[in-house]
Amino acid sequence: HEYNLKSDEAARYYTRFNPADANGWENRGSGIREVAFGYFDLGRIAEGLKALEEGAALARDPRNKTGMSFFPYQATMLTAAWNAQLGNLGSARSALAQAHRAQKEFIKDRSVDAELEEIGTLGLGLLECAIDQAEGNYAKIHARAVETADRLVRIKIKAEGNIETRNNVLR
């Protein structure tokens, strides 16, 4: 965990020095994610969630002129899932709404093609299953999973890079 904290610190200093480097912001996000995972592994859940909130805030950092990277979007998804697992359903729903907004911003900033946008939206829809599970609504989970798998299978993949993403959502 100490290594991850130091890695995050290095990325934080690097983005202060060179805020125009998109890879620096990606490294910052990766560092925060690993710190959050470390906190969760240590049972320090509140600190892990706080780290993810910090990661989601990278998209709003005024020094970041490189646009939305994947990590702030991922951080909102992880926050929703973990809050649902903890039974914090209000926080989970709030994070899910934030994930939907972050997805739209990411798609706009990164010119994501329509095919990948559809795959990502279906995957994000599955995140609602974590909330449904916390509420004990297993019939809704099953129905959503069946519908999502059916829609994913019917997508005719045109961009080769989207095949793996679709298959990961299917899993």
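I started with the largest pocket: 21 residues line it, and Phe70, Tyr73, Met77, Gly120 and Leu124 lie nearest its centre. My pocket rule, on a 1 Å grid over the protein atoms alone, is an open set of points where a 1.4 Å probe fits, with protein on both sides within 12 Å along at least five of seven lines; lining residues have an atom within 4 Å of a point.

A note on the source: this is a predicted model, where local features need pLDDT of at least 70, side-chain atom pairs count only at pLDDT 80 or more, and totals for chains, interfaces and linings use all residues. Residues are numbered from 1 along each chain as its sequence is written, and side-chain values use heavy atoms, without hydrogens and water.

Back to that pocket. H6 gives the most to its lining, eight residues; helices here are DSSP runs (H or I, at least four residues), numbered from the N terminus. I sorted the lining into 14 nonpolar, six polar and one charged, counting Ala, Val, Leu, Ile, Met, Phe, Trp, Tyr, Cys and Pro as nonpolar, Asp, Glu, Lys and Arg as charged, and the others, Gly among them, as polar.

Next I checked the second largest pocket. Asn83 is one of its lining residues, as are Glu53 and Arg60. This lining divides into four nonpolar, six polar and two charged residues.

Asn83 then got its own look. It sits in helix H4 (residues 70-86) and is buried at 6% relative accessible area (buried is under 20%, with a 1.4 Å probe and protein chains only). Beyond four places in sequence, Asn83 touches Leu49, Asn88, Ser91 and Ala92, contact being heavy atoms within 4.5 Å.

Conventions:
Helix = DSSP H or I, 4+ residues; strand = E, 2+ residues; numbered from the N terminus. Buried < 20%, exposed > 50% of the residue type's maximum accessible area, 1.4 Å probe, protein only.
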